[in-house]
Amino acid sequence: MTDAVWPAPAKLNLFLHIVGRRADGYHLLQTVFQFVDHGDSLRFTSRPGRVIQRIGGASQVPEAEDLCVRAARLLQRATGAREGVAIHLDKRLPLGGGLGGGSSDAATTLVALNALWNTGLSEDDLAGLGLELGADVPVFVRGRAAWAEGVGEHLRVLDALPEPWYVVVCPQVHISTAELFADAKLTRNCPPLTIRAFLRGEGGNVFAPVVRERYQEVNDALDYLGQFSEARLTGTGACVFAAFPNGEEARRVLASMPQTWIGFVARGLNRSPLLDRLQQN
């Protein structure tokens, strides 16, 4: 096992609708996931026995609750792996921003350790384990831009989406997803959208109106980006994004935003860099 870096890219939800609810109370969603070339990075080094250790990461997240630690332990249980590992986590993505950072960390851990430990699980096996950790984990395991339905686990590859440059703004607020789902104003009965309709430009994020009303910082970021391009919320927020045809224009918009704001420029990707890293192993 080496100190080679494994990427854990962010994702954007290009739209997000709620189309119903299952009998168990889970909301049924439609969304499109696309990756960007910005995210966390992980390194894995051997530890004796079956010890799982996190080094770095988000200090406010207890080690035992960190999704990459949980992913490593889940892989151990599922395969009987006897190895231990120290997971060096360089955390660049904000917590709870709608960029999927924790889910991406978990997916990268599953994919990397499956290779490094020679546990031999298939992509389908790893995606199944990932679903036990969170609904967004399978798309990161599979590493391809996708149309998603159900609670996010039913995926259809969309490999011909445009790959624009994005400006992503990360308002420094903590959004409670549970509170958003409980909000009486949330639209929960969107008519099902087709892929063809999405590709024509239909679809929005049903959480955006609720978040705008509750969080002034997110409302301001959407209004700011909306001066230059269509601005959208990713996931349940707080991060917002807008697409641009080239990196120069995107960087110019980022540079002009208020200096107290935090954000980044990234290229949209239909193929995750995690897949490219796996091929190098």
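This is a predicted model: local features need pLDDT of at least 70, side-chain atom pairs count only at pLDDT 80 or more; totals for chains, interfaces and linings use all residues.
Student: Is helix 2 largely enclosed or open, and why?
Tutor: Largely enclosed by the rest of the structure, because 14 of its 16 residues are buried.

Student: At what angle do helix 2 and helix 3 pack?
Tutor: About 145°. Helix 3 is residues 123-133, and the two axes are 10 Å apart. The crossing is right-handed.

Student: Which residues make that contact?
Tutor: From helix 2, Ala106, Leu110, Val111 and Asn114. From helix 3, Leu126, Leu129, Gly130 and Leu133.

Student: How many of them are nonpolar, polar or charged?
Tutor: Six are nonpolar and two are polar. None is charged.

Student: And helix 1? How does it pack with helix 3?
Tutor: Helix 1 is residues 67-79. It packs with helix 3 at about 130°, with the axes 10 Å apart. So helix 1 is oblique to helix 3. Their crossing is right-handed.

Student: Which residues meet there?
Tutor: Helix 1 brings Leu67, Arg70, Ala71, Leu74, Leu75 and Ala78. Helix 3 brings Leu126, Leu129, Glu132 and Leu133. By class, this contact has eight nonpolar and two charged residues, with no polar ones.

Student: Back to the end of helix 2. What comes just after it?
Tutor: Asn118, with a positive phi of about 55°. Asn118 is a residue other than glycine. Its place is the loop between helix 2 and helix 3.

Student: Is Asn118 buried or exposed?
Tutor: Exposed, because its relative accessibility is 67%, and the cut-off for exposed is over 50%.

Student: New topic. Where is Leu12?
Tutor: In strand 1, residues 6-21. Leu12 has 0% relative accessibility, so it counts as buried.

Student: What does Leu12 touch, leaving aside neighbours within four places in sequence?
Tutor: Its contacts are Val32, Phe33, Gln34, Val36, Leu99, Tyr166, Val168, Thr234 and Phe241. Take Leu99: it lies 87 residues from Leu12 along the chain, and their C-alpha atoms are separated by 6.0 Å.

Student: What about Glu83? Where is that one?
Tutor: In the loop between helix 1 and strand 4, which is 84-90. Glu83 is partly exposed, with a relative accessible area of 34%.

Student: Which residues does Glu83 touch, not counting those up to four places away in sequence?
Tutor: Gly49, Arg50, Gln76 and Trp117. The C-alpha of Glu83 is also 9.8 Å from that of Leu116, a residue 33 places apart from Glu83 along the chain.

Student: Which residues are buried in helix 8?
Tutor: Helix 8 is residues 216-226. Val218, Asn219, Ala221, Leu222, Tyr224 and Leu225 are buried there.

Student: Last one. Where is the cis peptide bond?
Tutor: Between Gly237 and Ala238, with omega about 20°. Ala238 belongs to the loop between strand 8 and strand 9.

Definitions and conventions:
Residues are numbered from 1 along each chain as its sequence is written. Side-chain values use heavy atoms; hydrogens and water are left out. Axes are lines fitted to C-alpha atoms, for helices over the stretch in contact, and angles run from 0 to 180 degrees between N-to-C directions. Helices (H or I, at least four residues) and strands (E, at least two) are DSSP runs, numbered from the N terminus. A crossing is left-handed if the near helix is turned anticlockwise from the far one by less than a right angle, and right-handed if clockwise. Contact means heavy atoms within 4.5 Å. Ala, Val, Leu, Ile, Met, Phe, Trp, Tyr, Cys and Pro count as nonpolar, Asp, Glu, Lys and Arg as charged, and the others, Gly among them, as polar. Buried means under 20% relative accessible area, exposed over 50%, partly exposed in between (1.4 Å probe, protein chains only). Angles under 35 degrees count as roughly parallel, over 145 as roughly antiparallel, 65 to 115 as roughly perpendicular and the rest as oblique.
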